Amino acid sequence: MDIGRRNNVTVTGNPRGRTVVLAHGFGCDQNMWRLTVPALVEDYRVVLFDYVGSGRAEPSAFSEDRYASLDGYARDVVEVCEALDLRDAVFVGHSVSAMIGVLAVDMAPERIGALVMVAPSPRYIDDDGYRGGFSAEDIDELLESLESNYLGWSAAMAPVIMGNAERPELGEELTNSFCATDPDMARVFARTTFLSDSRDGLQRVSVPTLVLECTQDVIAPREVGAFVHQAIPGSTLVTLDATGHCPHLSAPEASNEAITAFLAGLR
């Protein structure tokens, strides 16, 4: 199957610029980057795509076996990069996509030369000496609720994830995005996301890396941002004056400023 159709690939921006790949998180699609793209297109070639099981990706390409681990999603990234023959691209991943980017660099180091991790979390469940923000019981309840009533879960959880209660339109947008995702495919992506543990891969990251965190984020608290920053050698940590888990939507100017400053400093 053609990768462009399979992953609904979009290419825009400056064809002579360095390529920036924008990767969405769970329950989202490439439209979530619409406030980021205008800040990049003048100087950079911008690639957007949807993971199989999300957005307008080809549903028939979905395989529960493949996408039951983050490796399956990382293979999506690598195959998009290969189809476009990308070299030394900058991968910008939101939420779980930040960890997918770490895996993709491992799989195809010649394709990705830098990482931007937006609200990353390598593990959502608390562990000895590590605060992920959730107990194992919390995640079990979250997944049980999602699997028994996905639309109800989406309506309840999306505004919590987005934060910014004074701007309900943001929570409504995320709710609508969740609800547009096939429940069976969302169930697989949710289990893969919330049960993952990618901590061991962080220390292997050898490309320039920007870690973006928010001052308040119920999904990825600041202890997580500090952990990721400390684990990745030479990484840069920027704390945005923003709340919620989606700063590229809730605080696009601050997010874009941090991303473009990082890009400008790359060789």
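How many bridges join strand S2 to strand S4, and do they run parallel or antiparallel? There are 4 bridges, and S2 (residues 19–23) and S4 (residues 89–94) run parallel. One spot to look at along this pair is Ala23, which stands opposite Gly93 in S4. Keep in mind that this is a predicted model.

Zooming out, S2 and S4 belong to an open sheet of 7 strands, ordered S1-S3-S2-S4-S5-S6-S7, and the pairing is mixed. At the edges you'll find S1 (10–13) and S7 (236–243); each has a single partner strand, so one side of each is left without a neighbour in the sheet. On average, neighbouring strands here are turned by 20° against each other, ignoring direction.

Helix H11 (residues 252–264) packs on this sheet, touching S2, S4, S5 (112–118), S6 (209–216) and S7. Its direction makes about 160° with that of S6.

Then there's the helix pair H5 and H6. Their axes come within 8 Å and cross at roughly 145°, and the crossing is right-handed. The residues that meet are these:

| Helix | Span | Residues in the contact |
|---|---|---|
| H5 | residues 150–162 | Tyr150, Leu151, Trp153, Ser154, Ala155, Ala158, Pro159, Ile161, Met162 |
| H6 | residues 168–179 | Leu170, Gly171, Leu174, Thr175, Phe178, Cys179 |

Sorted by class, the contact of H5 with H6 has 12 nonpolar and 3 polar residues, with no charged ones. Among the residues on the H5 side is Trp153, while the H6 side includes Phe178.

Terms used. Residues numbered from 1 in each chain as written. Predicted model: local features only at pLDDT ≥ 70, side-chain atom pairs only at ≥ 80, totals over all residues. Heavy atoms only, no water. Axes fitted to C-alpha atoms, helices over the stretch in contact; angles between N-to-C directions. Helix = DSSP H or I, 4+ residues; strand = E, 2+ residues; numbered from the N terminus. Left-handed = near helix turned anticlockwise from the far one by under 90°. Contact = heavy atoms within 4.5 Å. Nonpolar A, V, L, I, M, F, W, Y, C, P; charged D, E, K, R; others polar. Pairing = 2+ DSSP bridges.
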